[in-house]
Amino acid sequence: MTTIDTLIDAETITARVKAMGAQISEDYAGQEVVIVPVLKGSFVFAADLVRHIDIPCRIDFLGLRSYEGESSTGVVQITSDLTRAIEGEHVIIVEDIVDTGLTMEYLFENLATRKPASVKLASLLHKPARTKGHIPIDYLGFTIDDVFVVGYGLDFDQLYRNLPYIGVVRSED
Ligand code: IMP
């Protein structure tokens with residue numbers, strides 16, 4: 001049997017995401033931004049975050065894949081690219097979780113070649129115990145321990161993305 005233990009409840013997530021949106025709106029006041037949610041994991045977070053951003057923003061999704069099941073394959077693939085150029089634009093990447101950091105390291109390098117005016121990162125979660133090297137997270141929701149989490153967009157083998165909270169999978173035989 002599989003049980004999900006709640007790690008961060010829905011109310012706590014809502015309050016934090018609202019504060020992150022307010023901070024982004026303040027930091028970019030008077031400017032336009034391009035929000036780049038990284039699919040699939042960030043779709044729920046991004047949908048909530050943009051509703052708390054009150055500056056003009058375009059939203060363009062980017063599909064990346066680096067994980068199979070619970071472990072990173074170490075190889076990052078773009079499964080779906082941006083639909084417009086970002087040259088001269090202020091870009092905010094929206095990610096579900098920075099784990100090893102390999103995915104974001106790849107994405108920062110990739111986006112830099114497209115000559116944006118700036119690139120910042122908003123990540124809902126960070127697992128510092130597993131992160132290799134330094135990934136600058138400009139807007140961070142929560143720091144968590146080294147546990148595999150699901151819900152609020154995050155999956156385990158494509159399941160559990162629809163949970164309104166973040167939880168830890170516990171398997172009992
Ligand atoms: P990284 O490249 O190791 O930082 O991994 C980034 C991606 O791995 C995230 O965008 C997630 O899709 C996935 N991932 C890492 N840790 C977890 C987890 O605890 N639960 C679900 N997905 C995870």
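View 1. Val-98 has His-126 as its bridge partner in β7. The model shown here is predicted; local features need pLDDT of at least 70, side-chain atom pairs count only at pLDDT 80 or more, and totals for chains, interfaces and linings use all residues. Residues are numbered from 1 along each chain as its sequence is written, and side-chain values use heavy atoms, with hydrogens and water left out. Strands here are DSSP runs of type E with at least two residues, helices are runs of H or I with at least four residues, and both are numbered from the N terminus. Strand β7 covers residues 118-126, and eight bridges join β6 to β7 in a parallel arrangement. Two strands count as paired if DSSP finds at least two bridges between them.

**View 2. Strand β6 also pairs with β2.** Strands β2 (residues 33-39) and β6 run parallel and are joined by four bridges. How many of the nine residues of strand β6 are buried? Eight of them are, so to speak, under cover, and strand β6 (residues 90-98) is described as mostly covered. Here buried means under 20% relative accessible area, exposed means over 50%, and partly exposed lies in between (1.4 Å probe, protein chains only).

**View 3. Three strands make an open sheet.** The order is β1-β10-β9, and the pairing is antiparallel. At the edges are β1 (2-8) and β9 (149-150), each pairing on one side only. Strand β10 spans residues 166-171, and two bridges join β9 to β10. Find Val-149 and you will see Val-168 of β10 standing opposite. As a rule, strands of a sheet pair through backbone hydrogen bonds, either parallel or antiparallel.

**View 4. Gln-77 sits in strand β5.** This strand covers residues 71-80. Is Gln-77 buried or partly exposed? Gln-77 counts as partly exposed because its relative accessible area is 38%. Leaving aside neighbours within four places in sequence, Gln-77 is in contact with Gly-63, Leu-64 and Arg-65; contact means heavy atoms within 4.5 Å. Now look for Glu-89, 12 residues apart from Gln-77 along the chain: the two C-alpha atoms are separated by 23 Å.

**View 5. Gly-133 lies in a loop.** The loop in question is the one between β7 and β8 (139-143). Gly-133 counts as exposed because its relative accessibility is 66%. Which distance separates Gly-133 from Thr-100 in space? From C-alpha to C-alpha they are 8.6 Å apart, although 33 residues apart in sequence.

**View 6. Stepping back to the whole protein.** Three helices and 10 strands make up the secondary structure, and from the N terminus on the elements run β-α-β-α-β-β-β-β-α-β-β-β-β. The C-alpha trace spans about 55 × 35 × 25 Å along its principal axes. Of the 173 residues, 43% are buried. Among contacts between residues at least 6 apart in sequence, 67% join residues at least 24 apart.
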